[in-house]
Amino acid sequence: MTAIMTILRREFSSYFASPVAYVFLVIFLIMQGLFTFYIGSFYQREQADLVSFFTYQPWLYLFLMPSIAMRLWAEERRAGTFELLLTLPLPTRAVVIGKYMAALAFAALALALTFPIWITVNWLGSPDNGVIITGYVGSFLMAGAYLAIGAAMSSVTKNQVVAFILAVTVCFLFLVSGLPMVLDTVGAWAPDAVVLAVANLSFLTHFDALQKGVVTLSDVVYFVAVIVFWLWVNRIVIESKREAG
Amino acid sequence: MADVLLEARDLNKHFGNLKAVDGISLEVAKGEVLGFLGPNGAGKTTTMKMLTGFLAPTSGSAYICGELVTSENEAARQRIGYLPEGAPLYGEMSPASFLKFIAATHGITGREADDVVASSASAVNLEKVMGQRIETLSKGFKRRVGLAAAILHAPDVLILDEPTDGLDPNQKHEVRRLIEAMSVDRSIIISTHILEEVDALCHRAVIINKGRIVADGTPSQLKAKSKYRNAVTMLLPEDRAELAASALKSLKQIAGVEAAREGNQMRLTVLARGGGEIADTIGDIAAVSNWQVSQFTVDSGRLDDVFRQLTEGEDQ
């Protein structure tokens, strides 16, 4: 646990070592605002909820989460500190988790900074804050899943840009597998069980219920399972890259 | 040997068909500085990576203070101070925060961490730059940060991969002085392809080539294998040189004479047959025949010559 915290602290503070972190936060908040107010028509809907805020988050995260995660391992391998890090007396597992949690903490910070929208909606009307909280929890879990994929992809390459592209690609597959368009195509030839399986792989399917305020165990388990799986992949890739020298 | 802190038993590492390391066994005792020599690509770095647990050996094993080194065994890694090749560091951190991070990874926190950071920083003269970003530091300072990180937890074994590579002569001297000071109750292993380093620093040297140990001994033992062992080098006027050379070649103890022009003088290097002592004999002849010798030195053997002899041989 102390090992995880040591890594987490170093990694988290390194986000703020350059202005990039601040630029990222500003872009995130602006994009989030654009999606909520323009595309999501927050005012025109005249409803005291954050549906328009959460609806587009899976798409926003598709690009923003991989950009948080891309440097985690790629930079480490490019700079050669990979070797330094893995010869420190820390379990590899703790390093993988610590790094991931630093990215997650950064995403949580970005998400927390969207609080003005929550104040706004409470000022304009009287929303069901329970639904909003589940929405935030769902959003956080989904961010966690994106970041776990991003972290694993970051360990595949020394190049952050390549890591970013790989992560966006994998995340995209996890996203579109829930779209009606994709499901209809699959449904045209595959049995219903397969369609269901594909739909269930998607972030959209599981995030949808959470953002509407419905917490089901299966959705939470889904996101946790996705996170655990990709961190496991991350660990495997790290071990194999270590062997490759 | 008493107090062996680092031991490698028949280490092998294969990358596909390539045998990067092919059966290396060695022991380093407490207080000993071992020079690990070899041409680029001989397997030095790979061996060191196995000694630190970064790479798993294909077969064989390494022990640090009796602990088996693996990527899982943190107890063994706790006792190693490692400076990887090129001394990679987190450029965006300051030496102070970087060293604190390293201390924390060794479980040293709070007041104690401040103490060890301060003492390791002063050991390598880092105090002036502690607050600067590492990426803005000169190469010499960066290397010192890496060294400070390696010694901070007072490890029993120091593994330094080319610690002076890329430094200027003053910085090299500085780093060597540091290593010397640290060697008192530790085992230190240094990889290098700079041969002067071995003379200046190492108690023992191991030469490897193509993943195998080809020589192991003190620097003087290794030098004794050189054809320049007890060779005499002298500087004399050009007109005398030819005469002297032909006179010397006729002597039985002398294996050969190498000549090189230096201005209007000649530098003759007289090789002793079988490394026997020829200085007295040549001195006597020189005096009697009035060769007007202006410089006269006796070689103790040349490491670079031995190094070439041992590592080039197989290629040709």
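1. Two strands are taken to pair if DSSP finds at least two bridges between them. In this predicted model, strand β1 (residues 4–15) of chain B meets that criterion with β2(B), to which it is joined by 9 bridges, the two running antiparallel. Within this pair, H14(B) is placed opposite K19(B) of β2(B).

2. The pair belongs to an open sheet of 4 strands in chain B, ordered β2-β1-β4-β5, and the pairing is antiparallel. Which strands of chain B stand at the edges? They are β2 (18–29) and β5 (67–68); each has a single partner strand, so one side of each is left without a neighbour in the sheet.

3. Helix α1 (residues 44–51) of chain B packs on this sheet, where β1, β2 and β4 (59–64) of chain B are touched by the helix. The direction of α1(B) makes about 120° with that of β1(B).

4. Chain B as a whole contains 11 helices and 14 strands. Along the principal axes, its C-alpha atoms fill a box of roughly 75 × 45 × 35 Å. Of the 316 residues in chain B, 44% are buried. When contacts in chain B between residues at least 6 apart in sequence are considered, 69% join residues at least 24 apart.

5. Between the chains, 20 residues of chain A are in contact with 20 residues of chain B. On the chain A side, the elements giving two or more residues are α1 (2–15), α7 (81–86) and α15 (217–244) of chain A. The largest share, 4 residues, is that of α7(A). By residue type, the side of chain A that touches chain B comprises 8 nonpolar, 8 polar and 4 charged residues.

6. The largest nonpolar core has 133 residues, and those touching the most other members are A103(A), A145(A), L147(A), A148(A), A167(A) and A148(B). Helix α10 (residues 129–154) of chain A gives the most to this core, namely 11 residues. Apart from this core lies another, of 17 residues, including A231(B), V270(B), L271(B) and A286(B).

7. Leaving aside residues up to four places away in sequence, A145(A) touches F203(A), F223(A), V226(A) and I227(A). As general background, nonpolar side chains tend to be buried together in soluble globular proteins.

Notes:
Residues are numbered from 1 along each chain as its sequence is written. Chains are lettered from A and ligands numbered from 1 in the order in which they are written. This is a predicted model: local features need pLDDT of at least 70, side-chain atom pairs count only at pLDDT 80 or more; totals for chains, interfaces and linings use all residues. A nonpolar core is a set of buried Ala, Val, Leu, Ile, Met, Phe, Trp, Tyr and Cys residues joined through C-beta atoms within 7 Å. A residue is buried if 20 or more other C-beta atoms lie within 10 Å of its own, exposed if 12 or fewer, and partly exposed in between; C-beta atoms are placed from the backbone. Two residues are in contact if their C-beta atoms, placed from the backbone, lie within 7 Å. Axes are lines fitted to C-alpha atoms, for helices over the stretch in contact, and angles run from 0 to 180 degrees between N-to-C directions. Ala, Val, Leu, Ile, Met, Phe, Trp, Tyr, Cys and Pro count as nonpolar, Asp, Glu, Lys and Arg as charged, and the others, Gly among them, as polar.
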